[in-house]
Amino acid sequence: MSLSMCSLIIYYVLDLSKDFGELIERIAKQAIAKSAARVALLVAIGMVLFLSLFWLTGRLSILLLPLLIGLGVALWEDSPVLAAAETALILFIGALLGRAYLSLSSFQEIIQALPAHFILNTERYAFEVVGRLAGANPLAAPAKQAAWLLSVGIMLLVGVLISIVISNLKGKGKIGEKIISLALVILISVSFIYSTVSTTGDFRSRLLVEPADEKYDYDHLIYLKTYYLMGQGQGYYPALVDAALKDKRINSLQQWLHGPLFIRQPTVFYIWRMLAPQASYIFYWSLALAVLAVWLLRFGLEKLAGGRIAVISIALLLPYLIIGSTWANILLSDWWASLLVLGAFGLIFRGRYLPAAVLALLAALIRETTALLILSALVGGLIARDRRVIWPFTGAALLFAPLFLIHYSTAYSILAGKVPGAGLPALYSGVHFVALRDAASFLIFPYGYGRIPGLVFLALGLLGAISAPDKVSRTTITMYLSGFMAYMLFMNTSSYWGQKIVMPALIAIPLTLSLFTKRGHTSCPQAGGLSAKGNSAHSDAVGD
């Protein structure tokens with residue numbers, strides 16, 4: 001009897017051990033699979049950033065690229081061995097792909113192969129900027145095979161060393177993730193300043209020359225001419241009309257100004273006159289505002305989604321900022337409003353709603369279409385029942401409405417009797433998918449080099465916006481993106497409007513990683529999901 005009992009017990013123990021062993025085996029396989037997925041995700045993110053920035057880092061590519069990738073991998077990896085391996089893999093494969101597909105000799109072929117809607121009149125200058133940076137890049141334009149191998153070797157050495165050192169210090173607790181993310185944003189800012197300043201000498205010189213009457217045929221130069229005429233004592237509205245009529249394309253105002261809504265608000269022009277005693281200063285103020293937007297985004301995204309995701313968002317934005325700020329695009333009020341919108345989003349993500357409302361109001365007073373941000377934030381506050389959001393943005397709306405009406409009535413009086421029809425009816429043209437497609441493609445060239453439609457990035461941005469962990473932030477950015485997309489779909493808008501929607505979409509894309517985060521943690525992929533020690537996610541009631 002006792003022997004039978006012992007046999008039975010042994011049988012059940014062995015059976016249980018077998019089940020337990022199978023369970024352990026399944027867990028181990030899942031852990032290995034998720035670890036492989038984790039590495040694949042980090043390498044994929046690194047490759048996207050490497051290739052997007054390949055041409056845009058110019059002569060310093062063999063230092064800036066490995067520093068960005070090495071620090072970025074170390075931010076996500078605790079193991080020095082894994083960090084070194086992943087960094088080397090990203091840099092080496094990236095260098096091979098760059099040599100095969102993104103060499104300087106391939107540059108013109110890539111440009112010529114772009115879809116027709118990528119080749120917009122205003123983008124040819126952006127391509128020139130990219131070409132100059134690519135021509136100075138030792139990885140893209142090597143003189144000899146040996147020179148390319150030397151450049152790759154230096155890049156690998158810098159990247160692997162920085163990843164090992166930083167991940168080792170992080171693992172020992174001597175350096176925190178916040179410091180690493182801070183260093184990365186500093187490096188991104190330096191890369192942005194270097195790439196823009198090093199390629200804009202000719203452009204800054206051209207800004208110092210007033211466009212000659214009847215010698216220009218470009219909207220951007222109408223705005224530059226307006227700046228110069230205001231410096232000669234004219235008010236904004238007479239200066240704009242005068243500058244438009246001196247464009248050799250325009251014989252009557254009706255050819256360019258189809259109604260009051262086509263006359264830009266005077267805000268940014270008066271800011272230029274106050275802060276830019278000479279026109280080249282417009283470039284430097286644009287540079288400063290872009291850097292401020294980057295830091296406000298870091299300030300907000302760090303609270304919303306953690307320092308790791310914040311760095312990815314800002315790095316993903318970098319190519320667009322470089323291309324957008326290195327040519328006459330900075331003479332468009334849309335550019336200045338877009339940068340203020342980015343800064344406002346950063347403050348909203350942080351829960352600093354009063355200064356966010358101030359920036360949103362200023363953006364709307366520069367370009368009235370960005371008033372959608374005020375409305376979106378107000379709706380977000382109402383849904384969250386958060387008075388800290390409702391009151392500032394209600395105040396912004398109440399200030400914007402009368403100020404815009406004053407501008408509109410002034411513009412209307414200028415065009416009265418000169419331009420038949422006015423306002424919204426002149427803009428409406430039914431469903432206009434082409435306008436949305438062109439806007440989504442504006443300056444999106446480095447992201448896929450014309451092979452990925454811009455609409456893909458808008459769709460990914462919407463997915464990221466919906467994934468934002470904070471209710472106010474989620475509602476605000478989702479409504480802003482979807483609202484602008486609907487507006488462009490039903491209105492006959494210009495392609496350069498795209499910068500007001502593409503840049504917010506780009507910073508939102510990495511928020512999709514929030515779908516894999518555990519509540520209270522953000523976010524490198526670990527077995528069982530994305531998590532990170534020490535980073536708390538943004539709660540539905542945001543505040544410091």
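Start by selecting Arg 308 and Trp 76: Arg 308 lies over the face of Trp 76, at 5.7 Å from the ring centre.

Colour the chain by pLDDT: the average is 82, and 83% of the residues score at least 70. Residues 1-33 have a pLDDT below 50, and beyond near neighbours in sequence this stretch has one contact in the model. Residues 518-544 also fall below 50, but that stretch has 81 contacts beyond near neighbours in sequence. Where pLDDT is low, the predicted coordinates should not be read in detail.

Next, select Ser 181, in helix α7, which spans residues 177-197. Is Ser 181 buried or exposed? Its relative accessible area is 1%, so Ser 181 is buried, the cut-off being under 20%. Show what surrounds Ser 181: leaving aside neighbours within four places in sequence, the contacts are Leu 75, Arg 298, Glu 302, Gly 307 and Val 311.

Move to Asp 334, in helix α14 (residues 333-350). Asp 334 has 0% relative accessibility and therefore counts as buried. Which side chain makes a polar contact of 2.9 Å with the side chain of Asp 334? The partner is Lys 500. With neighbours within four places in sequence left aside, the residues in contact with Asp 334 include Arg 264, Arg 367, Tyr 496 and Trp 497.

Now turn to the aromatic rings, which form 19 pairs in the structure. Select Tyr 223 and Trp 256: the ring centres are 5.9 Å apart and the planes stand at 50°, so the pair is tilted. Tyr 223 belongs to helix α9 (residues 219-231) and Trp 256 to the loop between α10 (236-245) and α11 (267-275), so the pair ties together parts 33 residues apart in sequence. Both Tyr 223 and Trp 256 are buried.

Another tilted pair is Trp 327 with Phe 442, at 6.4 Å centre to centre and 50° between the planes. This pair links distant parts of the chain, 115 residues apart: Trp 327 is in the loop between α13 (307-324) and α14, and Phe 442 is in the loop between α19 (433-441) and α20 (454-467). Trp 327 is buried at 2% relative accessible area, and Phe 442 is buried at 0%.

To finish, select Tyr 223 and Trp 256 again, together with Tyr 236, Tyr 237, Phe 269, Trp 272 and Trp 336; ring pairs link these residues into a cluster.

Note on methods: Residues numbered from 1 in each chain as written. Predicted model: local features only at pLDDT ≥ 70, side-chain atom pairs only at ≥ 80, totals over all residues. Heavy atoms only, no water. Helix = DSSP H or I, 4+ residues; strand = E, 2+ residues; numbered from the N terminus. Buried < 20%, exposed > 50% of the residue type's maximum accessible area, 1.4 Å probe, protein only. Contact = heavy atoms within 4.5 Å. pLDDT = per-residue confidence, 0-100. Polar contact = N/O pair within 3.5 Å; in protein donor to acceptor, adjacent residues only side chain to side chain. Phe/Tyr/Trp six-rings, centres within 6.5 Å; stacked < 30°, edge-to-face > 60°. Lys NZ or Arg CZ within 6 Å of the ring centre and 35° of its normal.
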